[in-house]
Amino acid sequence: MPKSTSLLLSAVIVSSLLLAACSPQAPAESTETTLPTSAPEMTPAPTESSMVAPAGKEVTVKTKYQSPAAMEDVGFTLVIDEDGLITDAKTEVLTTQEISKVRQTKFAEELPAAVVGKKLSELTKIDRVGGSSLTTGAFNKALEELKAQI
Amino acid sequence: MFDLSFESMGTLWQLSVDVEKVPDEIIAEIKEKTNEFDQQYSRFIPTSEANKFRNSVAGTYPISKPLAEMLKAAQHLNKITDGAFNVGIATLLEEAGYDQEYNFQKAPESIDWKPPHWSVKGTELTIDGPVVFDIGGIGKGYWIDELSKMLTKHNLPNHLVDGGGDMYATQKKDGSSWRVALEYPGKKDMAMGVIELNNQGLAVSDIFKRKWKNWNHLVNAKTGKPIEAMLGNAATAPTAFLADQMTSCLSFGQPEKYFDYTEELQAEYLIMKPDHRLLVSRGWSGELFD
């Protein structure tokens, strides 16, 4: 996953674990957090002693992030073991959005080599030559005069 | 096949009609109307509508329907290129030497220039001060389509209208496409590829043909400088007007938006980078000589 999303995920995990640690009575807990659109700064991770959570605890967090298409709702469900380690993680896209029209035709093809070209005189059955507009009399004369001056 | 050619709008117009002969009255009408259009909208004609607001104060003014149509398209292109394409660029070009007298020798290194702000609604133009319009980037495409309509109205539906290298082609009498070579930017007798046109418009642009000192005619209205990111480009679309609009977007718009431009203008494109490599849209139907 992209770097910004993994940073987001880490921040979400950290904040959800902190919340879980704060209220040990509650079972699987849901919190809604709206995170800023830019990747948040990584806060230092809490020490292990403040992070002990009951075994097999499931923490669910719903949050939003800015994707190229829209603000997306996303859910994370994490299973945390008694040492506070994440043993399972699931993401759930909570809104369906046509994310981005990444069709095959979106990306133009960049040809790997310089164009060699062909002599016009070598081409067969050409009806016309397309090009940037031909200049005429006055323009050409002025250009000639300019070149003569240089 | 009947061919006719004449000069107008500072370039060479060449028409091919798939018949024995085009009646003289129609030839005359084509030349007359094209010169009329030139007189009305060229910035090189002092009495044109393009020059009408050269000394105007801020305000709202009535304009002709054709100018309104062209400016409406230009207004939209100005928006989708984030201001880089602005048909109000004429006064900058003049300062750079590309004026009505072609004073190329006066070309300065750089120009301090503020883009004029203008908008069109219906047949009304609103400006924030004096403005001169250069519709060269889209005007030829507009007129090419008008000539095609004129020929079809005169019962000459199988034709190719070439306005200085931009064109619109219907079909030949036998239903086949018109085969067009694409000039290699900067190399007059070379082609970079070939494309078949069948009821399509084609526009081609490069930085070489209208070039003087350190300037070329493709000037970005935001930077005030001629473009450097490409040597040339080409586009196909259902009309010449759309193809012409597309090449303007390619020259001045952000590459990230190229796909959006293809969707909006129903166009396919080709760009030649400074190293002579090509960037080609997936739907480009032509053959390339790489």
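Let me start at B:Gly137, which sits in helix α4 of chain B, the helix that spans residues 136-153. Bear in mind that this is a predicted model. Another residue to look at from here is B:Phe241: 104 residues separate B:Gly137 from B:Phe241 in sequence, while their C-alpha atoms are 9.7 Å apart in space.

Now the nonpolar cores. The largest one has 89 residues. Which of its members touch the most others? They are B:Leu71, B:Trp118, B:Leu125, B:Phe133 and B:Leu278. Take B:Leu71 from that group. Apart from neighbours within four places in sequence, B:Leu71 is in contact with B:Ile63, B:Val87, B:Trp118, B:Val120, B:Leu125 and B:Phe133. There is also a second, separate core, of 18 residues, and it includes A:Leu143 as well as B:Ile89, B:Ala96 and B:Trp113.

That brings in chain A. Chain A has 2 helices and 7 strands. Along the sequence, the pattern reads α-β-β-β-β-β-β-β-α. The chain is 150 residues long, and 29% of those residues are buried. Of the contacts in chain A with a separation of 6 or more, 52% are between residues 24 or more positions apart.

Next, how chain A and chain B meet. On the chain A side 39 residues are in contact, and on the chain B side 58. Together the two chains bury about 4,400 Å², with 57% of that area on carbon and sulfur atoms. Which three residues of chain A supply more of its buried area than any other three? A:Val115, A:Arg128 and A:Phe139 do, with 17% of what chain A buries against chain B.

On the polar side, there are 26 residue pairs in polar contact across the interface, counting pairs with both residues at pLDDT 80 or more. The salt bridges between the chains number 3. In one salt bridge, the side chains of A:Asp127 and B:Lys172 meet at 2.9 Å, N to O.

Last, where the chain A side comes from. Strands β5 (109-114), β6 (118-119) and β7 (128-130), along with helix α2 (137-149), each supply at least two of the chain A residues that touch chain B. By type, the residues on that side are 18 nonpolar, 11 polar and 10 charged.

Key. Residues are numbered from 1 along each chain as its sequence is written. Chains are lettered from A and ligands numbered from 1 in the order in which they are written. This is a predicted model: local features need pLDDT of at least 70, side-chain atom pairs count only at pLDDT 80 or more; totals for chains, interfaces and linings use all residues. Side-chain values use heavy atoms; hydrogens and water are left out. A nonpolar core is a set of buried Ala, Val, Leu, Ile, Met, Phe, Trp, Tyr and Cys residues joined through side-chain atoms within 4.5 Å. Buried means under 20% relative accessible area, exposed over 50%, partly exposed in between (1.4 Å probe, protein chains only). Contact means heavy atoms within 4.5 Å. Buried area is the accessible area (1.4 Å probe) that two parts lose on being put together, summed over both. A salt bridge is a side-chain nitrogen of Lys or Arg within 4 Å of a carboxyl oxygen of Asp or Glu. A polar contact is a pair of N or O atoms within 3.5 Å; within protein, one must be able to donate a hydrogen and the other to accept it, and residues adjacent in sequence count only if both atoms are side-chain atoms. Helices (H or I, at least four residues) and strands (E, at least two) are DSSP runs, numbered from the N terminus. Ala, Val, Leu, Ile, Met, Phe, Trp, Tyr, Cys and Pro count as nonpolar, Asp, Glu, Lys and Arg as charged, and the others, Gly among them, as polar.
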